[in-house]
Amino acid sequence: MKKIDNSNSLMGTKTVWAGEKEFMVFGSTQVPVVLSVAYGYDDVDEWYDVAIGNKPGHIYNRMTNPTVQAFEEKLRTLEGAERAIAFSSGMAAISSTLYTFLRPGDRVVSIKDTYGGTNKIFTEFLPNINVDVVLCNTGNQEEIETEIQKGCQLLYLESPTNPTLKIVDIEHLAKLAKSVGALVVIDNTIATPINQNPLLLGVDLVIHSATKFLSGHADALGGVVCGSQQLMEKVYHYREINGATMDPWSAYLILRGMKTLKLRVEQQAKSAMEVARFLQKQECVEAVYYPGLESHNNHEVAKRQMSGFGGILSFVLKGEMEAIKVFLPHLRLGNRAGNLGAVETIYGPARTTSHVECTLEERMALGISEGLVRMSVGIEDTEDLISDLEQALNYLASQMNKTAL
């Protein structure tokens with residue numbers, strides 16, 4: 001069993017070096033991309049020992065791959081887990097984890113403010129296999145506590161949430177869930193291991209969409225689950241048979257991106273805080289959601305369980321969707337796209353990004369305004385981002401005065 005490193009110190013060094021040295025070959029200073037689908041053995045007994053796990057090695061890329069394994073080892077180290085298993089996408093990691101551990105008749109407690117794809121699993125797919133799902137109001141801790149105490153097999157959390165940036169008390173809810181024998185799972189994509197380590201707060205399994213901050217360059221798709229060796233063996237077996245394996249080229253790109261994870265996240269968080277404070281003062285902005293703001297409903301909880309507040313914020317424009325249609329095209333710095341966590345700033349409304357799978361009525365029921373814009377802050381100079389926002393908001397204000405949007 002691998003030793004868990006529970007220290008959050010020297011994270012910059014870990015992002016660069018962790019999990020790589022044993023995979024270097026031919027004197028290379030970078031992990032190679034191994035594209036071979038299968039791995040050959042002259043000795044049949046050795047082949048068998050590797051195949052059943054008695055010896056280290058590789059058999060077939062759907063099971064393991066050296067480049068993917070290097071990525072898994074780096075993320076395992078950053079999260080302080082015993083093992084990590086990589087997947088072809090974040091949703092593959094989420095759905096595979098849920099299907100690994102849930103059976104007909106089980107009960108899941110979660111929150112309404114999960115990512116839209118996750119919400120669809122809870123509302124459409126799990127009920128089809130007779131899994132009872134209870135989605136609580138994210139801001140109502142008493143409601144979540146009550147539903148946990150009724151009994152459940154799994155508690156699923158997301159904090160901060162996407163795109164409303166709500167915060168739940170991870171340690172408190174995890175402890176309560178453990179008291180009723182529940183498995184605790186969390187999506188840690190927005191926080192990243194730099195800002196939050198849920199395993200230290202009592203969570204059993206931590207999930208990331210590696211496509212986002214871990215990669216950081218919007219050019220690779222992937223997901224990953226981290227936890228104890230015992231639990232991860234079950235997750236691995238599900239992935240091995242169902243086949244949602246990360247490809248080695250994506251693993252290489254994400255590995256490369258992770259070397260600058262700490263630098264990127266720190267700059268993005270710094271800019272996000274300044275941008276959030278700027279937006280609070282703007283006439284066209286109705287509300288700003290960012291856990292670093294003192295006005296955030298759970299700012300104190302965020303301070304306690306996070307070491308940084310992240311690079312994602314959202315704000316609501318007066319005039320709702322009509323205002324968004326005027327505002328977004330007038331921005332000069334930033335992509336208008338359905339992604340987050342990249343080095344470039346990205347903007348998008350919930351209806352075309354996080355909750356594109358949901359209807360207007362479903363988004364309204366989740367408390368997501370049609371005027372909400374999610375901003376994934378990049379690594380550009382903060383002053384330039386604020387200047388760009390200012391000119392776009394001034395243009396919006398002028399148009400609103402003309403047409404009464």
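Modeller: Before we start, contact here means heavy atoms within 4.5 Å. This is a predicted model, in which local features need pLDDT of at least 70, side-chain atom pairs count only at pLDDT 80 or more, and totals for chains, interfaces and linings use all residues. Residues are numbered from 1 along each chain as its sequence is written, and side-chain values use heavy atoms, with hydrogens and water left out.

Biologist: Thanks! Leaving aside neighbours within four places in sequence, which residues is G378 in contact with?

Modeller: G378 is found in the loop between strand 12 and helix 15 (382-403); helices (H or I, at least four residues) and strands (E, at least two) are DSSP runs, numbered from the N terminus. Leaving aside neighbours within four places, the contacts of G378 are Q268, A342, V343, E344 and T345.

Biologist: And is G378 buried or exposed?

Modeller: Buried means under 20% relative accessible area, exposed over 50%, and partly exposed in between (1.4 Å probe, protein chains only). The relative accessible area of G378 is 0%, so G378 counts as buried.

Biologist: How many bridges join strand 11 and strand 12?

Modeller: In this pairing, P349 stands opposite V373. Strand 11 (residues 346-349) and strand 12 run in the antiparallel sense, and their bridges number four.

Biologist: Now to charges: which residue does R239 meet in a salt bridge?

Modeller: Side chains of opposite charge can pair when their charged atoms come close. A salt bridge is a side-chain nitrogen of Lys or Arg within 4 Å of a carboxyl oxygen of Asp or Glu. For R239, the N to O distance is 3.4 Å and the partner is E72.

Biologist: Why does the salt bridge of E147 and R107 tie together separate parts, and how many residues apart are they?

Modeller: The side chains of E147 and R107 meet at 2.4 Å, N to O. E147 lies in helix 6 (residues 141-149) and R107 in strand 2 (residues 107-111), so the parts tied together are apart in sequence by 40 residues.

Key
Two strands pair if DSSP finds at least two bridges between them.
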